[in-house]
Amino acid sequence: MPEAQTPTVLIVDDEDMVATALRSFLELETSYRILTYTSPERALEDVESEPVNVVIADFMMPEMDGITFLRNLRERKPQATRILLTGYADKENAIRAINEAGLYYYLEKPWSNEHLKLVIRNGVERSTLFNELDTRVRALEGAHQELFDIRKRLVRAFL
Amino acid sequence: MSPHSALRRDATEAQRALHRPIRARLGVALWALALGTIFRYAMSLPLDPRFFGLTLLWIAIVAAAFRWLVGHQEVPFFFPLRFAVFSFEVLVAAWLAHYIGASSWLATLFLLFPAIEWNMLYPGAWGFAGSVLAILATGALIVGEAVGFVPAGALFSGIAPEYADPRYALGAFFVSASVIAGLSTVVGRYAEAGRRLARDLGTANSRLFELSEDLRESHAESEAAYRQLREAQAELVSSAKMASLGALIAGVAHEINTPLGALNSNHDTIRRAIHKLQVILEDDVVDEHELEDVRRIVKALDGVSSTNNMAMDRMLKMVDSLRTFGRVDRSEIDHADLHEGLESTLAIIAHTLKDRITVVKDFGDLPRVECYPNQIHQVFMNLIVNAVQSISGKGTVTIRTRAHGDEVTVEIEDTGVGIPPAILSRIFDPGFTTKGKRMGMGMGLLITSQIVDRHGGRLAVESEPGKGTVFSVHLPVRLPARARLGSIPGVAADGADERTGVAGFSEANESEVGG
């Protein structure tokens, strides 16, 4: 399953130029799969069928603000690392974003590519770890269930 | 009661108090004249012309002196003058007594001074008793000489021989005694009144002084208050300028931040891409694996380059809008295309509109309008921002332009909360705001209406709570002469005022205050 192993970064910004700039940079510097959207609603629709590791969302978008978008995304992809990109250095919004959307990072425009790369790499790592933990927990649960079944069968055999 | 009316009452009272002794003295003088005439007639003696002359002189001098003294309380020699008049009266009375033959000079003065002195010291019954005592004491001397008790010639030596007749001397004594009693009473009574008057005048004077001090103080206070007001006003104007400038800058900064962010990132991406390409090209041989990398790099560069174009276009457009809006290159009267101004204003505040506000441009056919474009843009900015801020969720701002003959109308209509009728008349007041302190200090509409006013136009407002508000700017196509001749003060002189379009605000208010 090679696709699942390539981490996916989702970029949502109503400004095409920002989405493209981010995509160009990340495609050059990383091997992640990059998905870009200029409509947060479309992104939410499509995300159901996609694995997502990191999401970068703009704050000021006409359809839906970044915080609402990230909150909605959290319900669908709880493992994804959420990053807000904003033109406003607004403390109030930052706090709201952290509390409501369980934000991982708050980036201000204009951003530094190096910094962004670092944040995304950490985000991917975090999400991968979460996913791995999830897989392990599930495996553990499966094993546990199996053991339980075996025990049940053993008990039945002896009685 | 105000201090002024109290002072006026005091002055009237003082005048009346000064007139009273004149009347009383005139009475005494006439009485002396009448009694003297009757007495001499009874004694079959010729009337002495000196007697008439002195009485008339007395009346004239007293009347003139007192008339002059009224209203001249403040002259330095007021009290010496009063004393001189009084002394003159005493002299005249003594001469009168002497001429009717009451007694010698000396006796008459003996008679007069104690009588008047008593009355001055003890006005009322005691003074009168003292006067009578003095008169009787002097009378005893006269009677004593008449009856031979006092050596003959001791008192009467200075008078005409026919007056030496004891019967005549006694009659004359009684006549003069009554006159002198009257005079002494009058003088004594009014000396007290005079003292009281002087005291009152002193009080009134000091009150006047206090009042003028108060006035001076309150004048100084109001001057200080006026200065403070001017300062506060200047501050308000500058903070209103700063607020609109701040809104403008915030909009521009936000609008430029996005393309700048993209450009900044792209620049870095290009640098990295070039570096990667250099690394690949270093060994002159490009293998299959590296070729894949080169394709990837070129793809990234392609994306970056198209984004750069977009970003730069956006920034150029922004700068262009700003230039149209601010007219930093042309800050004088111009025949402006108002539509261009409206478009540039909308471009600057585009980030506050996004999809929330639908802007409907119902533009008619407008002639070019003679105006100060930067100021008119300020008007558009204020009105459109107000319209946008009045809409809480989604809504529509309609901008309608029409021309009617020599006038153009720009209407800015919103579907916002509207303005309650109760406050509709106050919205152009300085400091009136519904936005709280932070927004614009409530100077926006005031400045807007002043700019329109100074262009010879008018600003009208119609509003229905819950439905929305329409602001209509009516502008004449040709700028009125008063605006052109520089009565939009500060426009030509003060370049700093130019750019924010609130030129001449403080000057205009000054002329209002001055008028």
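1. Let me begin at the interface, with its polar side: between chain A and chain B there are 11 residue pairs in polar contact, counting pairs with both residues at pLDDT 80 or more. Please keep in mind throughout that this is a predicted model.

2. Which elements of chain A give two or more residues to the side that touches chain B? They are helix 2 (16-29) and helix 6 (113-158) of chain A. Helix 2 of chain A supplies the largest share of that side, with 10 residues. By residue class, the side of chain A that touches chain B holds 10 nonpolar, five polar and eight charged residues.

3. Charged pairs also span the two chains: the rule finds five salt bridges across the interface of chain A and chain B.

4. Now for the extent of the interface. In terms of contacts, 23 residues of chain A touch 27 residues of chain B. The area buried between chain A and chain B is about 2,300 Å², and carbon and sulfur atoms give 56% of it. Within chain A, the residues that lose the most area to chain B are Met17(A), Leu28(A) and Pro62(A), which together make up 30% of what that side buries.

5. Over all chains, a search of the whole structure finds 26 salt bridges. Another pair to look at is Glu100(A) and Arg71(A), whose side chains meet in a salt bridge at 2.4 Å, N to O. Glu100(A) lies in helix 5 (residues 91-101) of chain A and Arg71(A) in helix 4 (residues 66-76) of chain A, so this pair ties together parts that are 29 residues apart in sequence.

6. Finally, a helix pair in chain B. The axes of helix 10 (residues 373-390) of chain B and helix 13 (residues 444-454) of chain B come within 9 Å and cross at roughly 140°. The crossing of helix 10 of chain B and helix 13 of chain B is left-handed. Helix 10 of chain B brings residues including Ile376(B), Val379(B) and Leu383(B) to the contact, while helix 13 of chain B brings Leu445(B), Ile451(B) and Val452(B), among others. What is the division of the residues of this contact into nonpolar, polar and charged? There are six nonpolar, six polar and no charged residues.

Key. Residues are numbered from 1 along each chain as its sequence is written. Chains are lettered from A and ligands numbered from 1 in the order in which they are written. This is a predicted model: local features need pLDDT of at least 70, side-chain atom pairs count only at pLDDT 80 or more; totals for chains, interfaces and linings use all residues. Side-chain values use heavy atoms; hydrogens and water are left out. Axes are lines fitted to C-alpha atoms, for helices over the stretch in contact, and angles run from 0 to 180 degrees between N-to-C directions. Helices (H or I, at least four residues) and strands (E, at least two) are DSSP runs, numbered from the N terminus. A crossing is left-handed if the near helix is turned anticlockwise from the far one by less than a right angle, and right-handed if clockwise. Contact means heavy atoms within 4.5 Å. Ala, Val, Leu, Ile, Met, Phe, Trp, Tyr, Cys and Pro count as nonpolar, Asp, Glu, Lys and Arg as charged, and the others, Gly among them, as polar. Buried area is the accessible area (1.4 Å probe) that two parts lose on being put together, summed over both. A salt bridge is a side-chain nitrogen of Lys or Arg within 4 Å of a carboxyl oxygen of Asp or Glu. A polar contact is a pair of N or O atoms within 3.5 Å; within protein, one must be able to donate a hydrogen and the other to accept it, and residues adjacent in sequence count only if both atoms are side-chain atoms.
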